[in-house]
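Biologist: Please walk me through how to read a structure like this, one feature at a time, with the general idea of each before its case here.

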Amino acid sequence: MAGVVTAVGAAVAAAASLRQFDGCQRVPSSKVCLIPSRVGRSGMTGGVSQRSFGTMRSRSSRRSSSDALKVRAEIYIEEAETTSASVDIPKTQQAWLYSEYGPKENLSLGEVPVPELEADQVLIKVKAAALNPVDSKRRGGKFEKTDSPLPTVPGYDCAGVVVKVGSAVTKFKVGDEVYGDTSEFCLDGPKQYGTLAQYAAAEEKLLAPKPKNLSFAEAASLPLAVETAYQGLKKAGIKEGDKVFVLGGSGGVGTLAVQLAKQVFKASTVAATANTEKLDFVKSLGADIVLDYKQNKLEELTEKYDVVIDTVGKGEGPKVVKSDGGLVVLTGPVEPPGFRYVIVSNGSDLEELNPYLESGSLKPVIDPKGPFPFSGVTEAYGYLEQGHASGKVVISPID
Ligand SMILES: NC(=O)c1ccc[n+]([C@@H]2O[C@H](COP(=O)([O-])OP(=O)(O)OC[C@H]3O[C@@H](n4cnc5c(N)ncnc54)[C@H](OP(=O)(O)O)[C@@H]3O)[C@@H](O)[C@H]2O)c1
């Protein structure tokens, strides 16, 4: 499917080496060269169409092979300047999908359309994606009544490069590196075509510029989990100097909740639960106290906490929260004073966190079993679904 982009990329790379493209900018994801003279409303540049590449090939084939690349480059410039302001994008793409609810074995790699854009959306060439437990719950049919139609391409999180922008987009331009959770509401009408694909569409408000110091894999590990922790802690009323308890400090959300509580919200004490082997790991994230959940009975703790975030779902929050404290429950039973909170994807949260990520005070945590290759998505889900990931399960690279 990627014939157009790959072939154009090869011609562009060769042309660049011949120095035919003065002022030409290379888009890292798609290897498509952009022509700055075609800068439009949002700074988007002109590109080459599939039709023009076909023309390039037929014309250059009449020349000797040593001249061919040079000629291709010249024709590329000439024709690119007359095409519309978008880079070449295939009509179909490789993506993981399922057509029936059920286990991970229902997933297969197949060919699906590249999503059409709404006016407020950008098309992302996905470079890396991350898995979340909600993918598995959704595939199991738990949210069938509010789900998007089948077949479904799962995946909420991605990092990649913008290759096309809708007519109302103002924040991003072609070539920008972005990351985000592409479904505003993960349970209610999530995107039918998610991020376990070569391309994904998302409203610009759901995205943020990728922190410059992070790889695509690191950035992709963050959105749904970090936004959940950030929003959840805020909803629970966190403030500087609070004592915070994270039930489940070693998972995707927990590793970020510990760091956010300590580094961003400036909690005075952060306590967390973790398995025996992961106590040091969670301490290394900034937790002051890490309790082995196999050894400790939380009801025996004398200390109570201002804010508790429950990522485990065993209903243990009321044992550690102060009577006037905030208890946000992400999964499982909700007992007073707890409340359920479900993430709403929001690029502005990521933008607020970017300085912490760029300074290194907030760090992405990728489970060491990964990143898994794009061909290994089923295996990666199998690993996540065992329920013992340390940090995030990431899929990278996605070419
Ligand atoms: N409401 C929302 O908006 C929202 C958003 C995101 C996630 N969630 C939900 O929140 C839950 C956590 O998500 P996640 O992405 O963090 O999942 P995850 O990465 O799969 O979490 C796995 C982690 O949970 C730990 N764990 C398992 N049992 C534990 C226990 N009894 N005590 C302490 N830690 C325990 C595991 O540690 P060990 O290996 O040491 O056992 C592992 O590190 C999921 O149910 C997810 O669907 C809800």
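**Reading the model**

Modeller: The buried residues of α6 pack against β6 (157–165), β7 (177–181), α7, β13 (305–310), β14 (321–329) and α10 (347–359). Residues are numbered from 1 along each chain as its sequence is written. This is a predicted model, in which local features need pLDDT of at least 70 and side-chain atom pairs count only at pLDDT 80 or more, while totals for chains, interfaces and linings use all residues.

Biologist: How many helices and strands are there in the protein?

Modeller: Helices (H or I, at least four residues) and strands (E, at least two) are DSSP runs, numbered from the N terminus. By that reading, the protein has 11 helices and 16 strands. A contact is a pair of residues whose C-beta atoms, placed from the backbone, lie within 7 Å, and among the contacts in the protein with a separation of 6 or more, 69% join residues 24 or more positions apart.

Biologist: How many of the residues of α6 are buried?

Modeller: Burial is a neighbour count: a residue is buried if 20 or more other C-beta atoms lie within 10 Å of its own, exposed if 12 or fewer, and partly exposed in between, with C-beta atoms placed from the backbone. Of the 399 residues of the protein, 52% count as buried, and in α6 (223–235) the count is 10 of 13 residues, so that this helix is mostly covered. Those buried residues include Pro 223, Glu 227, Tyr 230 and Leu 233. Just after α6, Gly 237 takes a positive phi of about 85°.

Biologist: What span should α6 have, given its 13 residues?

Modeller: The expected span of a helix is 1.5 Å times one less than its number of residues. The end C-alpha atoms of α6 are 18 Å apart, in agreement with the 18 Å that its 13 residues should span.

Biologist: Is α7 enclosed or open, and what do its buried residues pack against?

Modeller: Because 11 of its 13 residues are buried, α7 is largely enclosed by the rest of the structure. The buried residues, among them Gly 252, Val 253, Leu 256 and Lys 262, pack against α6, β10, β11, α8 (279–284) and β13. Just after α7, Lys 266 has a positive phi of about 60°.

Biologist: Which strand is joined to β10, and in which sense do the two run?

Modeller: Two strands pair if DSSP finds at least two bridges between them. Here β10 and β11 run parallel and are joined by 4 bridges, with Val 244 opposite Val 270 in β11. Strand β10 (residues 243–247) has 5 of its 5 residues buried, and both of its faces are covered, with Lys 243, Phe 245 and Leu 247 on one side and Val 244 and Val 246 on the other.

Biologist: Which strands pair with β14?

Modeller: β13 and β14 pair in the parallel sense over 5 bridges, where Val 307 has Gly 326 in β14 as its bridge partner. β14 also runs parallel to strand β15 (residues 338–340), to which 3 bridges join it, and there Val 329 has Arg 340 as its bridge partner. An antiparallel case is strand β5 (residues 121–130) with β8, joined by 5 bridges, where Lys 125 stands opposite Tyr 199. Strand β8 (residues 199–203) is largely enclosed by the rest of the structure, because 4 of its 5 residues are buried.

Biologist: Which residues come nearest to the ligand?

Modeller: A residue is near a molecule if its C-beta atom, placed from the backbone, lies within 6 Å of it. There are 30 residues around the ligand, of which Pro 133, Gly 251, Gly 252, Asn 275 and His 388 come nearest. The elements giving two or more residues to this shell are α4 (133–139), α6, α7 (252–264) and β11 (269–274), and α7 gives the most, with 3 residues.

Biologist: How do the residues of the shell around the ligand divide into nonpolar, polar and charged?

Modeller: Ala, Val, Leu, Ile, Met, Phe, Trp, Tyr, Cys and Pro count as nonpolar, Asp, Glu, Lys and Arg as charged, and the others, Gly among them, as polar. The shell then holds 13 nonpolar, 15 polar and 2 charged residues. Domain bounds come from an automatic or database domain assignment, and the shell draws at least three residues from each of domain 2 (92–222 + 364–395) and domain 3 (226–340).

Biologist: Why does Gly 360 count as exposed?

Modeller: Gly 360, in the loop between α10 and α11 (377–384), counts as exposed because it has 10 C-beta neighbours inside 10 Å. Its C-alpha atom is separated by 8.7 Å from that of Asn 213, although the two residues are 147 apart along the chain.

Methods:
Two residues are in contact if their C-beta atoms, placed from the backbone, lie within 7 Å.
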